[in-house]
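Please look over the chain below. The report that follows covers its fold, its sheet and its helices.

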Amino acid sequence: MTMQDTWNQEKTAAAPAGSASDGIHPYHISRAIGRADRGASSSIYGRRLPEMQAVMETVLAQIEALRSQGRKTDQDPVEHLLFRLKTEESMREKCRRRGLPETETSALSVLTDAIGIRAVCPFLRDVYTIRDWLIGTSGFNLVQEKDYIKKAKPNGYRSLHLILRVQGYFVEVQLRTISMDTWAALEHQMRYKKDTIGNSDLVARELKRCADELAATDVAMQTMRDLIRGTGGLVSPDRADKQEEADLAAEDRLIPARLTEAGQHGPIDRMPLKGDRHEVIGR
Ligand code: 0O2
């Protein structure tokens with residue numbers, strides 16, 4: 001990971017379902033192609049770019065279909081969506097780094113991230129909703145799954161990576177929460193500076209600590225969301241006692257499950273504890 005690709009961002013998050021802008025923006029797609037296609041006469045992708053574009057569009061459309069469904073119940077599982085075709089320069093650099101010849105075969109049949117999509121999700125469970133949706137899609141074949149959420153990288157990096165095979169092409173899909181994405185962006189920035197600053201061990205330890213704390217926050221956010229969804233909003237006074245019981249039971253079920261799900265060992269004193277009172281938050 002020595003070179004950073006430019007990721008394009010969909011701007012459909014706020015678009016109402018069924019509107020013209022509910023699907024994929026050709027403008028963004030063609031911009032992505034433009035970047036990957038620099039020096040197309042001798043492109044490492046040969047003449048495959050239009051097909052790659054179509055495949056990326058297919059996967060984005062499938063995610064958009066899930067988002068449209070989710071919006072109907074105010075549960076869009078995507079906060080924002082990024083995508084890119086790996087640039088010519090970045091792909092060639094990766095081939096060299098891996099000791100591969102700079103050929104179309106290396107780019108499209110050996111390496112698996114020429115087409116990349118990143119969905120940044122509001123909540124932890126959204127990550128797995130999208131995962132299940134994609135791997136359950138006919139024609140999308142799961143080639144590899146790396147769950148860095150259940151088992152974070154030693155530096156604290158968390159994300160769920162899928163390699164799908166779609167219409168003969170590999171597509172790398174990265175699914176992560178907003179917290180995970182924020183951490184990854186900042187860590188990426190700092191990585192290039194770490195050799196020039198002192199205390200790099202301390203920085204690495206602090207980064208890891210921040211990653212674990214953010215993971216604990218993700219778990220807490222998911223738990224709160226489940227509690228809110230469980231109540232459906234404000235509770236009327238005559239239902240309050242029953243609701244309180246139900247909420248506490250939900251906490252009992254959810255908190256251990258979420259902790260396992262996040263695979264983290266952050267400070268659990270920040271988690272709501274059984275018997276704690278909590279407010280039911282209305283919309
Ligand atoms: P891009 O597309 O610019 O983001 P690879 O890194 O692909 O050679 P690896 O390590 O087996 O091989 O793949 P993995 O673990 O699935 O990671 C691939 C991508 O995940 C990277 O792509 C990053 O986007 C992201 N990633 C993985 N580990 C880290 C990490 O420790 N910190 C951050 N910030 N991101 C990470 P690239 O190659 O950077 O390209």
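## Basis

Helices (H or I, at least four residues) and strands (E, at least two) are DSSP runs, numbered from the N terminus. This is a predicted model, in which local features need pLDDT of at least 70, side-chain atom pairs count only at pLDDT 80 or more, and totals for chains, interfaces and linings use all residues. Residues are numbered from 1 along each chain as its sequence is written.

## Overall fold

The chain holds eight helices and six strands. From the N terminus the elements run β-α-α-β-α-α-β-α-β-β-β-α-α-α.

Of its 283 residues, 30% count as buried. A residue is buried if 20 or more other C-beta atoms lie within 10 Å of its own, exposed if 12 or fewer, and partly exposed in between; C-beta atoms are placed from the backbone. Contacts are pairs of residues whose C-beta atoms, placed from the backbone, lie within 7 Å. Among contacts between residues at least 6 apart in sequence, 70% join residues at least 24 apart.

## The sheet

Six strands form an open sheet in the order E1-E2-E3-E6-E5-E4, with mixed pairing. Two strands pair if DSSP finds at least two bridges between them. The edge strands, E1 (8-9) and E4 (140-147), each pair on one side only.

E1 runs antiparallel to E2 (residues 80-85), joined by two bridges. Gln9 has Leu82 of E2 as its bridge partner. E2 is in turn antiparallel to E3, with six bridges. There, Leu82 stands opposite Arg118 of E3. E5 (residues 160-166) and E6 (residues 169-177) are also antiparallel, joined by seven bridges. Ile163 is bridged to Glu172 in E6.

## Helices on the sheet

Helix H5 (residues 124-135) lies across E3 (115-121), E4, E5 and E6, at about 160° to E6. H6 also packs on the sheet, touching E3 and E6, and its direction makes about 105° with that of E6. Axes are lines fitted to C-alpha atoms, for helices over the stretch in contact, and angles run from 0 to 180 degrees between N-to-C directions.

H6 spans residues 178-191. The expected span is 1.5 Å times one less than the number of residues. Ser179, Met180, Asp181 and Trp183 of H6 are buried.

## Thr105

Thr105 lies in helix H4 (residues 104-110). Thr105 counts as exposed because it has 12 C-beta neighbours inside 10 Å. Tyr45 is 60 residues away along the chain, yet the C-alpha atoms of Thr105 and Tyr45 are separated by 8.5 Å.

Methods
Two residues are in contact if their C-beta atoms, placed from the backbone, lie within 7 Å.
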